[in-house]
Amino acid sequence: MILLYIEEEKRHVNIYTERAKNYTLPMRCNDYLNRLCEFYGSSLIGRKQAACAFLHIRQKAPIYIREGILLFQSIAAASSQRIWINYWRVKRLVKECYQTRFVFTDHSELLTDMEYRSAIMQMRRCLHYSYLLTIRMNQLSIENSAGEDYSTMNQRIKNNDDILFA
């Protein structure tokens with residue numbers, strides 16, 4: 001299942017995936033997002049705090065779920081409806097008066113009340129965040145490969161545990 005966007009309703013959440021597959025879950029959007037985040041090792045609050053710290057922002061933080069899912073919030077000032085859009089599945093944006101049309105990689109479309117300028121800002125924010133995360137992951141990968149392998153490291157830890165708990 002490749003996630004395109006999530007639409008928040010009052011008492012349920014609509015999940016839209018590629019090939020026009022839609023799902024409705026009887027839960028709030030934040031609960032669903034928190035479950036997604038927890039499944040991949042963190043909470044929604046933790047992911048928001050990490051994004052805010054990385055990007056030096058205070059609001060509308062993109063949410064990194066896992067590789068292939070980086071969500072940003074689409075909300076218009078005049079609307080209470082929120083939509084979480086998967087950055088990596090957006091093919092292009094089209095400005096339509098005071099609205100923005102998102103065209104996805106599977107050629108499906110979503111017309112939102114979000115201003116085009118705000119959509120561009122959110123897309124740039126996601127690009128910057130994914131770039132920073134990629135750099136961080138590459139640094140960690142280099143540090144791990146430059147040091148000892150995992151089996152040697154595990155043996156060393158076991159030996160230290162034997163000494164500590166003897």
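This is a predicted model: local features need pLDDT of at least 70, side-chain atom pairs count only at pLDDT 80 or more; totals for chains, interfaces and linings use all residues.
**Entry 1**

Residues are numbered from 1 along each chain as its sequence is written, and side-chain values use heavy atoms, with hydrogens and water left out.

Strand E4 (residues 63–66) runs antiparallel to E5, and three bridges join them. I take two strands as paired if DSSP finds at least two bridges between them. Helices (H or I, at least four residues) and strands (E, at least two) are DSSP runs, numbered from the N terminus. Two residues lie between E4 and E5 in their hairpin, and Gly 68 in the turn has a positive phi of about 100°.

**Entry 2: the E7–E8 hairpin**

I then turned to E7 and E8, which run antiparallel and are joined by six bridges. Arg 92 has Val 103 in E8 as its bridge partner. This hairpin has two residues between its strands, and Cys 97 in the turn has a positive phi of about 50°.

**Entry 3: positive phi in loops**

Lys 60 is not a glycine, yet I find a positive phi of about 55° there. Lys 60 sits in the loop between H2 and E4. Its relative accessible area is 38%, which makes Lys 60 partly exposed (buried means under 20% relative accessible area, exposed over 50%, partly exposed in between, with a 1.4 Å probe and protein chains only).

His 107, also not a glycine, has a positive phi of about 75°. I place His 107 in the loop between E8 and strand E9 (109–112). With a relative accessible area of 56%, His 107 is exposed.

**Entry 4: aromatic pairs and the core**

I searched the whole structure for aromatic pairs and have seven. Rings of Phe, Tyr and Trp (its six-membered ring) pair if their centres lie within 6.5 Å; planes under 30 degrees apart count as stacked, over 60 as edge-to-face and the rest as tilted. Phe 72 and Phe 102 form a tilted pair, with 6.0 Å centre to centre and 50° between the planes. Phe 72 lies in strand E5 (residues 69–74) and Phe 102 in strand E8 (residues 99–104), so this pair ties together parts that are 30 residues apart in sequence. Phe 72 is buried at 0% relative accessible area, and Phe 102 is buried at 0% as well.

Which residues have the most contacts inside the largest nonpolar core? Among them are Tyr 5, Phe 72, Phe 102 and Phe 104, and the core has 24 residues. H3 gives the most to this core, with five residues. A nonpolar core is a set of buried Ala, Val, Leu, Ile, Met, Phe, Trp, Tyr and Cys residues joined through side-chain atoms within 4.5 Å. Ring pairs also link Tyr 5, Tyr 16 and Phe 104 into a cluster.

**Entry 5: Arg 124**

I found Arg 124 in helix H3. Arg 124 counts as exposed, at 62% relative accessibility. Between Arg 124 and Tyr 87 I have 37 residues in sequence and 9.7 Å in space, C-alpha to C-alpha.
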